[in-house]
Amino acid sequence: MADHESELLAPTPGARVSTFLKRKDVSQTLLLWVFFTAVFVVLGLWAYPKWMPVVLSKQMQANEDIMIWFTVISAPIAGVVLSIAAKSFLNMHRGDTPPEDGVAIRTNGPVVIVWTATSVLFCIVAIVWGLVALNTESIAAATDAPKSLIVDVTGSQWVWSFYYPQQNIHTHTLNLPVNQPVTFNVMSADVNHSFWPVQLGVKIDANRLVTTVAHADPTATGPLDVKCAELCGLYHAYMETSGAVESPTDFNNWVSSIQATGGVQQ
Amino acid sequence: MAHDTEFHVHHDSPEAIGRRERLGVRLLIVADGAFLFGMIFSYFYLRNLNVNGGWLQREFILSALLPDGSPHSG
Amino acid sequence: MTTLSHAPASSRPIPNPKKSLITKLNMGTGIVVGVIFCWGTYFAMKAGRDMTDSHNVNKVLLMSMFAWSIGFLIGIGAFIGPFRWLIGKDLTDEEQLYLAGDGQGWKRYFKYCTDHKVVGIQYLVGVMALLGVGGTMAMMIRTNLATPGSHFVTPVVYNSLVGLHGITMIVAMIIVATGPFGNYIMPIMIGAADMAFPRLNALSWWVLFTAVPVLCSAWFLGGIPTGWTAYAPLSDQAGPGMNAFVATIIIFAVSTAVAGMNITTTVVAMRAKGMKWNRVPIFVIGATISVALAIPAFPTFMVAMIQTGLDRTIATGFYDANVGGSGWLYANLFWIMGHPEVYVILIPGVAALMEIAPVFVRKPLFSYNAAIAGFAGIAGLSVLVWAHHMYMAGWMPSLNGPFMVTTEFISVPTGLLFLVLIGTLWRGRPWMKLPMLCVYAFIWNFLIGGITGIYLSDVPADNYLHGSMYVTAHFHYTLMGAALTGAIGGLAYWFPKMTGRMLNERGGYISFWFIQIGFNVLFLGMFIVGAEGQPRRVADYAHLYSHANLISTMGAYSVGIGMIILLWAIVHSWRSGKIAPMNPWGAKTLEWTVPYPVPLVNFDQPPVVTSDPYGYGRSAK
């Protein structure tokens, strides 16, 4: 009881905190917290950029940033949960009878309040980040509209076809000039498809008799994969095509070569 | 209800049974209400979307009253 | 009034109402009548119809399937009570006792038995069968995806596997905890003699039973081309197998509504004396909130499916854009159900683990009120988030922001669930048994599932992630890693009370590690290929994704092995496991105060409750 009394006599919150931290289970949990937080930080900063495809547009960059930074921000919270669980796991009792009862903690008001407040805070951070990104995107789409390259995208079972109304060419690959915004008007000839130019980081469903719109700002050159992201029947897995984001010169050459063959890509 | 001499089954009081049954029926009414909501939602949503001009437009009826008699199609 | 339970079983008169039809009816007669109705409807409707017209094929098949279900229910005697009411009578006391299965041994499991304990076991076996079928399909899916360019199955079969695996598992997961434990254990836990509506209890099980052959018939009718979400207009276009899906859902929705209403009424109206709301075990609260959420949710799914059925039979055009319909209507109706439904799946599993943790850590449940706030908050918010499944649908981009807000906010009550569990673990010494292991697995799995859900709920990130394998990994972490793990923990925990025997420990541990390690390998690999850009529901994929897919498949086989070992452990223990004492875990809830076999009316005397069941622990300090 001596320790107990000296705790009671400790006058300052600071002293109480340091006594708390010196407790063996707390310090071990803290070490585990550092470990798990580090794992998630590495996951965010190293693994996601490694797995996610080449960034060819502002939108893809924004997506990658969200994956990286949401992982890093959630790392300490994940760390708290996992460290407490791991510490408990390492403290296990084996045997045919239960261990003696633990401490009768029914609740802890401040802990519940701090926990709830922290999760609300993270929630608000995530919401604000998302809303700002959404808003930026819709403003950009609106201001870019006059100077956008327009591509009409049609999904049909099971091919993608593209029509560039400004150049009057029909194609089956998606080539785009770098540094020029592009507006996709997407429609389906039959069932729902989902237009997904992967490296551009945009996606929009293709619906019958309704046009949906997506907007992208390509910022780097490179090959482009276009996939279908909505199960559309038998050959959904093969409903893919390719393309590229290329320099304006290369793009214009590509357009001219198609116009020379009657406006339809061979 | 028959009252067998051997097989006494404990029956709760009529009030308790009544309370229980009223609650159960009210829950089923909630389910039915959700069903009805689904149908009403379908109607108003499709009417509002008016895909492919598939639902009559109000302008169609009004414009039929124009002097030149040329209705606009949906 | 004397109740029979006071008399020892050997001296109790066995009910056998000789003149009553109910003694002759069972699953066998149900199947006979069901088949007769089915074939009768099929041939009657086929006559005079042009069966090359797909609308006619759909009409005939759908009606035959419903006829099977209704015929089966007639044949097993489900409607005898209502029929008697029509003529101003009801079942006699002797008939009611007969229906409760008194004195019938194993046969009562194959009859229309109103004893909630029998219904619980029926659900347990049914769930295991569904998991087995769905799991086999999953093994076939992963085998096909082991290498790119594999033709283990054709694309037609693959797409059907994906859709049917999905719906089989969703049905299985909806009932995996509330079916066996909500029925068997819950009434005992609240000190009741049975459920509020015992005959409806039997009905909900047998209605579900009739849905299973209907679902399986999809395979013989050409499969389905859609996922389990059965999006329109692909579902309108689909072949005859789609009718099996439509009929299954409509039948299943009836079962769910009835079961939901029964469980909710039981908990509200039949708790033992002294069991105030703040003394109700958390599993009961969780199960009740879950089924109460299901009551308004599933009817909208039913409407969505009825409209699909109407499109397919009489060309109504609800989802046909050519005539003013829209696939978006389907998506909205579906997800208004679909999102609450995933919490219907999740909450009972978590609640079971919250019931388990205090027992094995010998500490009170941390912040019972936070647990309730968590469940209630999740249930309440879940009806406001559905369109996050449709961010990329283009249906109303202006609503993406508001749905993002509501969806992100669900992480707050969800976080409370974590707090309750880790608060219970804190400063405790856990007794390492299989139920407790499941708590740890849950924490790891649900953490990953929850955090990845936060990414998906963010609209810009969802631009990339929607429709990719990342989504598949996320929902398997939550539905399987969290909810199924909770159900397995619940089974290990309540096995002694449901079977009278202890679950084989070594088999349990070995299966646990095969399942959990395999599960994580399987779905972490899937997060990787999703992040790399592999779409979901694809029979084949680019070479870029081959390594991670192969590793995923190996994880899947480990899960399969683990499940088989678990099945062996369950069957072996049920037949010849160690006889369990009345309260092997030293738990404090009411079900551990009754012996096995549990008496027909559960308690000799109705219990009186004076405290909540979490009174563990020595005083602090």
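Guide: We shall take cavities, then strands, then a single loop residue. Please keep in mind that this is a predicted model.

Visitor: Which elements supply the lining of the largest cavity?

Guide: At least two lining residues come from each of α6 (155-175), α8 (198-220), α10 (241-269) and α11 (282-314) of chain C. The largest share belongs to α10(C), with 6 residues. By class, this lining comprises 9 nonpolar and 8 polar residues, and no charged ones.

Visitor: What is the volume of the second largest cavity, and which residues are closest to its centre?

Guide: Of its 17 lining residues, C:Ile22, C:Ile76, C:Gly77, C:Leu99 and C:Tyr112 are the closest to the centre. The elements that contribute two or more residues to this lining are α3 (80-86) and α4 (93-99) of chain C. The lining of the second largest cavity has 10 nonpolar, 4 polar and 3 charged residues, whereas that of the largest cavity has no charged residues.

Visitor: Let us turn to the sheets. In what order do the strands of the open sheet in chain A lie?

Guide: One general point first: in a regular strand the side chains alternate between the two faces of the sheet. Here, 5 strands of chain A form an open sheet in the order β4-β10-β9-β6-β7, with mixed pairing. Its edge strands, β4 (174-177) and β7 (204-206) of chain A, each pair on one side only. On average, neighbouring strands in this sheet are turned by 25° against each other, direction ignored.

Visitor: How many bridges join β9 to β10 of chain A, and what lies across the sheet strands β4 and β10?

Guide: Strands β9 (residues 222-228) and β10 (residues 241-246) of chain A run antiparallel and are joined by 5 bridges. Within this pair, A:Gly222 stands opposite A:Val245. Helix α6 (residues 248-260) of chain A lies across β4 and β10 of chain A, at about 135° to β4(A).

Visitor: Which strands does β1 of chain A pair with?

Guide: Strand β1 (residues 149-156) of chain A pairs in the parallel sense with β5 (residues 182-188) of chain A over 7 bridges. A:Ile150 has A:Thr183 as its bridge partner in β5(A). With β2 (residues 159-164) of chain A, β1(A) runs antiparallel, joined by 5 bridges. A:Asp152 and A:Tyr163 are bridge partners in this second pairing. A hairpin through 2 residues joins β1(A) to β2(A).

Visitor: Finally, is C:Val153 buried or exposed?

Guide: C:Val153 counts as buried because its relative accessibility is 10%, under the 20% cut-off. This residue lies in the loop between α5 (116-144) and α6 of chain C. Leaving aside neighbours within four places in sequence, C:Val153 is in contact with C:Met140, C:Asn144, C:Tyr158 and C:Leu161. The C-alpha atoms of C:Val153 and C:Asn58 are separated by 26 Å, with the two residues 95 apart along the chain.

Definitions and conventions: Residues numbered from 1 in each chain as written. Chains lettered and ligands numbered in written order. Predicted model: local features only at pLDDT ≥ 70, side-chain atom pairs only at ≥ 80, totals over all residues. Heavy atoms only, no water. Helix = DSSP H or I, 4+ residues; strand = E, 2+ residues; numbered from the N terminus. Nonpolar A, V, L, I, M, F, W, Y, C, P; charged D, E, K, R; others polar. 1 Å grid on protein atoms, 1.4 Å probe; cavity = no way out; pocket = protein on both sides within 12 Å on 5 of 7 lines; lining within 4 Å. Pairing = 2+ DSSP bridges. Axes fitted to C-alpha atoms, helices over the stretch in contact; angles between N-to-C directions. Contact = heavy atoms within 4.5 Å. Buried < 20%, exposed > 50% of the residue type's maximum accessible area, 1.4 Å probe, protein only.
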